[in-house]
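Reader: I would like to go through this model term by term. Please set each label against its cut-off.

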Amino acid sequence: MMSHVPDNSRRRFIKLTAIGLVATPFANALLNNVATAADLISETDPLAAAMKYKADATQAAERKDATATCANCALYTGKAGDAMGPCSIFQGKLVSAKGWCNAWAKKPA
Ligand code: SF4
């Protein structure tokens with residue numbers, strides 16, 4: 001007589017596959033958040049240092065316009081209201097919306 005009870009390894013495989021399918025989107029979300037945080041440019045990055053970049057514009061001694069920040073710079077492509085965003089000077093990195101560097105140019109109205 002044949003038994004219809006599935007063996008434990010098959011059950012285990014099905015269970016692990018189901019867990020993997022459910023967990024994958026969460027793992028991707030976690031990894032994306034880690035990558036975004038790691039992409040914020042550091043003031044000590046050689047290019048950032050050369051451009052006198054400061055994450056807090058008020059700390060930039062060379063800044064002449066007290067209203068100038070990355071958020072209102074023509075080279076900033078972050079969304080309004082976001083704390084950080086991309087800048088065409090620092091490819092693949094994010095800059096602080098409240099930052100500043102000596103390439104600042106007023107965003108056209
Ligand atoms: S170029 Fe503009 S957006 Fe980029 S770091 Fe300098 S001030 Fe900020």
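Reader: Why does Asp39 count as partly exposed?

Author: A residue is buried if 20 or more other C-beta atoms lie within 10 Å of its own, exposed if 12 or fewer, and partly exposed in between, with C-beta atoms placed from the backbone. Asp39 has 13 C-beta neighbours inside 10 Å, so it counts as partly exposed. Two notes on the source. This is a predicted model, in which local features need pLDDT of at least 70, side-chain atom pairs count only at pLDDT 80 or more, and totals for chains, interfaces and linings use all residues. Residues are numbered from 1 along each chain as its sequence is written.

Reader: Where is Asp39 found, and what does Asp39 touch?

Author: Asp39 is in the loop between helix H1 (8-38) and helix H2 (46-50). Helices (H or I, at least four residues) and strands (E, at least two) are DSSP runs, numbered from the N terminus. Contact is called when two C-beta atoms, placed from the backbone, lie within 7 Å. Not counting residues up to four places away in sequence, Asp39 touches Gly92, Lys93 and Leu94. The C-alpha atoms of Asp39 and Lys93 are separated by 4.8 Å, yet the two are 54 residues apart along the chain.

Reader: Which elements does the protein have, and in what order do they run?

Author: There are two helices and two strands. From the N terminus on, they run α-α-β-β.

Reader: What makes Lys64 and Asp65 exposed?

Author: Their neighbour counts. Lys64 has 7 C-beta neighbours inside 10 Å, so it is exposed. Asp65 has 11 other C-beta atoms within 10 Å and is therefore exposed too. Asp65 lies in the loop between H2 and strand S1 (84-86). Lys64 lies in the loop between H2 and S1.

Reader: Why is Gln91 called exposed?

Author: Gln91 has 8 other C-beta atoms within 10 Å, so it is exposed. Gln91 sits in the loop between S1 and strand S2 (94-96).

Reader: What makes a set of residues a nonpolar core, and which members touch the most others?

Author: A nonpolar core is a set of buried Ala, Val, Leu, Ile, Met, Phe, Trp, Tyr and Cys residues joined through C-beta atoms within 7 Å. The largest one has 17 residues. Ile41, Cys70, Tyr76, Cys87, Phe90, Val95 and Trp100 touch the most other members. Leaving aside neighbours within four places in sequence, Cys87 is in contact with Cys70, Leu75, Tyr76 and Val95. Buried residues make up 19% of the 109 residues in the protein.

Reader: How many residues surround the ligand, and which are the closest?

Author: There are 13, and the closest are Cys70, Cys73, Tyr76, Cys87 and Cys101. A residue is near a molecule or strand if its C-beta atom, placed from the backbone, lies within 6 Å of it.

Reader: How confident is the predictor?

Author: pLDDT is the predictor's confidence in each residue, from 0 to 100. The protein averages 82, and 67% of the residues score at least 70. Over residues 25-31 the pLDDT is below 50, and beyond near neighbours in sequence this stretch has zero contacts in the model.
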